[in-house]
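Begin with the overall make-up of the chain and then go on to particular contacts.

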Amino acid sequence: MARPSTNSTMLGSARPAAGRRLPGRLSAGMACDTAFRIIARRHLAAVLAQHDGTCRGDPEALHQIRIALTHLRTAIRFFSPMVDDALRPKVWTELKWLNSQLGMVRDLDVAIERVVVEAGDELAVIAELQHWDEKRAESHRLLARALQSVRYRRLVEQTTSWIDSGPWSTRRSKEAIRLRRCPLADHAMAQLIEWKRTLLKKARKLRKLDVERRHKLRILNKRLTYSIESLEDLFADKSLTKQKSILKQLRRAQKSLGQLNDDARGQTLAASLNEAVPEAGIRFLDRKREKKLLRTASTAYRKLEKTKPFRASDLTPDLDPED
């Protein structure tokens, strides 16, 4: 694995500027602009916390940095159109670039894990693993270079500044002011209800979806899951059972859809090894496994439809006034 340069520590230890002081927790009556800053800062900090480990080649750090990055991107979508200013497309493009850099190595980690599970003592499989490891090592070198680059540092600085004081936060139109001042509970309930409705509508056609559309369904599933997780501070004790029930089915569907996506990505990656290992893609083609995963996801969505809908009463009333 490529070793991080002395610059890596400097980049990895970068933290969002202190900016304005924010409450430590979300509350139902909190203004949406404050809530967005709290949530986005949390997830950006989580990205930065995994920087050095990812540079060193730690697969778990890589997994966690991708999760944190997806949480951050989900928060940006969740608070649209409030944050849709002139800088948002540039911030989004850079976050998407970082995700693509991380994605290739993560996909290889998952594929290699699958090969290892099936390896046993077969010499042919052990030889195949060598090709996979070489591809992973090269991809990681490129990733480490990206994480130590000026572009990455600018991404951190630009995203930090935009979260705290981007143009979205100072627009003076009546609509912009209304969106920023909107109580978090009102926006959160409307968004969660709409995202759940959209997800379930798409999920009813799950068995007819091709790989690309199934991947898009998985993204919708992930957005709803991560949004509920990010809003955990808000749920009253009495509504935790409902929250956990919804998350249980979302995570069950997410796991199955994720494994289906991993298989599709594994086939694509294996195609690049065909010259050296012609049989590499076969292990990722398992119709019986595919049917089982689709059945599990479909069952989860049927149960999700039966869960009680989100209501404003699910949220904890403010115990203390917002700072």
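The model shown here is predicted. The protein chain has 12 helices and zero strands, so read from the N terminus on, its elements run α-α-α-α-α-α-α-α-α-α-α-α. Of the 323 residues of the chain, 52% count as buried. Among the contacts in the chain with a separation of 6 or more, 80% are between residues 24 or more positions apart.

Two helix pairs can be described in turn. Helix α9 covers residues 184–203 and helix α10 covers residues 211–230. They pack at an angle of about 150°, and their axes are 10 Å apart. Angles over 145 degrees count as roughly antiparallel, and α9 and α10 are therefore roughly antiparallel to each other. Their crossing is left-handed. On the α9 side, the residues in contact are Leu192, Trp195, Lys196, Thr198, Leu199, Lys202 and Ala203. They meet Leu217, Leu220, Asn221, Arg223, Leu224, Ser227 and Ile228 in α10. Sorted by class, the residues of this contact are eight nonpolar, three polar and three charged.

The other pair is made up of helix α11, residues 240–271, and helix α12, residues 287–306. Here the packing angle is about 155°, with the axes 8 Å apart. By the rule for angles over 145 degrees, α11 and α12 are therefore roughly antiparallel to each other. Helix α11 passes α12 in a left-handed crossing. The residues of α11 that take part include Ile246, Leu250, Ala253, Leu257 and Leu260. Among those they meet in α12 are Leu293, Leu294, Ala297, Ala300 and Leu304. Charged residues are found on both sides too, including Arg252 and Asp263 in α11 and Arg289, Glu290 and Lys303 in α12. In total, the contact of α11 with α12 has 11 nonpolar, four polar and five charged residues.

Next come the aromatic rings. The count of aromatic pairs comes to six. One of these is formed by Phe36 and Phe79, whose ring centres are 5.7 Å apart, with 65° between the planes; the pair is edge-to-face. Phe36 lies in helix α2 (residues 32–49), whereas Phe79 lies in the loop between α4 (59–78) and α5 (88–119), so the pair ties together parts that are 43 residues apart in sequence. Residues under 20% relative accessible area count as buried. Phe36, at 0%, is therefore buried, and so is Phe79, at 1%. Phe79 also pairs with Phe78: the ring centres are 5.4 Å apart and the planes stand at 75°, so this pair is edge-to-face as well. Phe78 is buried, as is Phe79.

The peptide bond from Ser80 to Pro81 is cis, with omega near 5°. For comparison, most peptide bonds are trans.

Leu240 is partly exposed, because its relative accessible area is 27%. The C-alpha atoms of Leu240 and Leu315 are separated by 9.7 Å, and the two residues are 75 residues apart along the chain.

Conventions:
Residues are numbered from 1 along each chain as its sequence is written. This is a predicted model: local features need pLDDT of at least 70, side-chain atom pairs count only at pLDDT 80 or more; totals for chains, interfaces and linings use all residues. Side-chain values use heavy atoms; hydrogens and water are left out. Axes are lines fitted to C-alpha atoms, for helices over the stretch in contact, and angles run from 0 to 180 degrees between N-to-C directions. Helices (H or I, at least four residues) and strands (E, at least two) are DSSP runs, numbered from the N terminus. Angles under 35 degrees count as roughly parallel, over 145 as roughly antiparallel, 65 to 115 as roughly perpendicular and the rest as oblique. A crossing is left-handed if the near helix is turned anticlockwise from the far one by less than a right angle, and right-handed if clockwise. Contact means heavy atoms within 4.5 Å. Rings of Phe, Tyr and Trp (its six-membered ring) pair if their centres lie within 6.5 Å; planes under 30 degrees apart count as stacked, over 60 as edge-to-face and the rest as tilted. Buried means under 20% relative accessible area, exposed over 50%, partly exposed in between (1.4 Å probe, protein chains only).
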